[in-house]
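Please read the following report alongside the sequence and the structure shown here.

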Amino acid sequence: MSQQSIIETTGLTKVYGNKIAVDKLNLHINEGEVFGFLGPNGAGKTTTILMLLGLTESTSGTAKVCGYSPTREPLKVKRVVGYLPEKVGFYEDLTARQNLEYTAALNGIPREAASRKGGELLDMVGLSEVAEQKVSTFSHGMKQRLGIADVMIKDPKVAFFDEPTAGIDPEGIDQVLNLIANMAKQKVTIVLSSHQLHQVQKICTRVGILAKGRLIVQGSINELGREAIGGGKVRIEVQVSQPTPKLIESIRNIKGVTGVESSDDLLLISCDEDLRRQIAKVVADSDSLLIQMKLEEYGLDDIYMKYFRET
Amino acid sequence: MSGLMAVFWKELADHFNSRRFIILSLLVYLAGVATIYVAAQNIRSGVTEDTHFIFLRLFIVSGETLPFSFPFFLSLFIPIVGIALGFDAVNSERASGNLSRILSQPLYRDSVINGKFLAGLVTLSILVVSIVILVAGMGLRMIGVPPTAEEILRLFAFIFVSIIYGAFWMSLAVLFSVFFSRMATSVLASIALWIFLFLFMSMLAGVIAGAVVPIDENSSLELIVKNDEIYRTISRISPNTLYGETVQVLLMPELGNPSSTLMLVSIYTAGMIPTPLPLGQSLLIIWPQLTTLIALTALCFAGSYIKFMREEIRST
């Protein structure tokens, strides 16, 4: 690996009673990455994050965050790591600014610096107009944005976001994702857990899929996509007026085509590379009329469904 | 250390801004002023030429309009204040989702609970000191007799004991706030325990003492003393009794030692030559009560501390 791992776990395991929450997790996250931690509810995403923060002790295995062990040097880890919990809460009787300044005080940031930085961050997350309002008047989306400011105030090297988009409206989701993407531009490594795939897809450079405490797969979305769709690397969907067995046969004979499935007037063709040109030609030469043809793109949904069917 | 101070200042500000605390302190001030006013009106009755500690009498005399003395009101209100300061210390943080956010900041976990406890203690101290000074000043203006040096020392001891008594209730409430995840449960548990210890403990002690050593009007003195001892021992389980005895020794030095069969004392006080105990002797007498109160406080705090430190932050 050319880049340096900023988070590394080996055989990280957490057992609650007789339930294995996280099972021998081996994770490598590089500096500057936006890593998406995917999985259904109860897959062990939050538990993993809590272990990386040193808030929960691992049953076995080791973890290193920025070179520190969260179990043995939790304070050093917490100094460089920011965390936005899933159900984030603020002191409702304090204003947004006071909440930020309290976090700053807990981090030992001097008062003037904290107040200046707090102002800048509230500006950045679009809350400067309500900075002097009590948090109890805030909507969920506003609290989430305040949470991002709260993570930023300590200038973290790594930021963990646990389900940052859960329960907020689409506009709010966009704002939150943009803010996180902006953080990534400032060289902050980001670990983001979610079960909402397409949202994560927009900003993650790499994803890991977790199910029942196990990391099933990790890699970039394109890599995973190719692995996920069995048979070939590319899938082409062709709609023709009347698919005859002869047509299907001649498509199958094109070099590089590994499989053809047909249902009504739709043909699903798996192939090693993009063979649209050749297929179009074959269809044109036949009696059938080409209605439409498209290259299927892999979404995380396909990847996700594929891996969850397996487990 | 900076973490502890940050938590401390925030909690202190929270206490003084909370409506709960403002309402309670108003109530305490009101009760204090009322009792001292009534006491000052009635202080002349029963004062003779050889009455010592006239200023202290201000704190123990009560009148017909308000048949309770100042220490009685304190023993009633201090537990409520202590419970109000502590019952939601930890579970409210957890319920509001603040706990995991705060614990992911670079501070030792015990800074959180220490800071909270310290802030509660300081708030409580400010309340107790201010109310005693307020009523003492008011009493001084009304009766015009300045306190002697010993009386001032006794008042300081009284303030100290009252703070410890409040600290016990606060640490009990904090303990419940660590163990019960719902604020309603922790506040009800604290209040239930307070009512039990305040109202029912002496009843229970009386019943048990009566069952072990039954007495009637014709019983020998020996039996009466024995019954009284059992009653006293059992009712001392309640911190309220401990506080009451301590206050009595501190503010009514002429009564002597409450452990030496107060009943007899009350039988004979009428004809007794008042020989008040010196301060050193008084302190010696209350020493066991005081250390018990401190130990109970420490025990509750240690319990909540251990539970809080060992508790894991769960994902759910």
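A:Glu237 stands opposite A:Leu268 in S12(A), in a model that is predicted, with local features needing pLDDT of at least 70, side-chain atom pairs counting only at pLDDT 80 or more, and totals for chains, interfaces and linings using all residues. Residues are numbered from 1 along each chain as its sequence is written, while chains are lettered from A and ligands numbered from 1 in the order in which they are written. S10(A) and strand S12 (residues 266-271) of chain A run antiparallel and are joined by 6 bridges, where pairing requires at least two DSSP bridges between two strands and strands are DSSP runs (E, at least two residues), as helices are (H or I, at least four), numbered from the N terminus. S10(A) also pairs with strand S13 (residues 290-295) of chain A, again in the antiparallel sense, over 5 bridges, and there A:Gln239 stands opposite A:Gln292.

## Contact between the chains

In chain A, 23 residues are in contact with 18 residues of chain B (C-beta atoms, placed from the backbone, within 7 Å). Helix H1 (45-53), helix H2 (74-80) and helix H3 (96-106) of chain A each supply at least two residues of the side that touches chain B.

## Confidence

The model scores ipTM 0.82 and pTM 0.83. Chain B has a mean pLDDT of 86, with 91% of its residues at 70 or more (pLDDT is the predictor's confidence in each residue, from 0 to 100).

Terms used: Contact = placed C-beta atoms within 7 Å.
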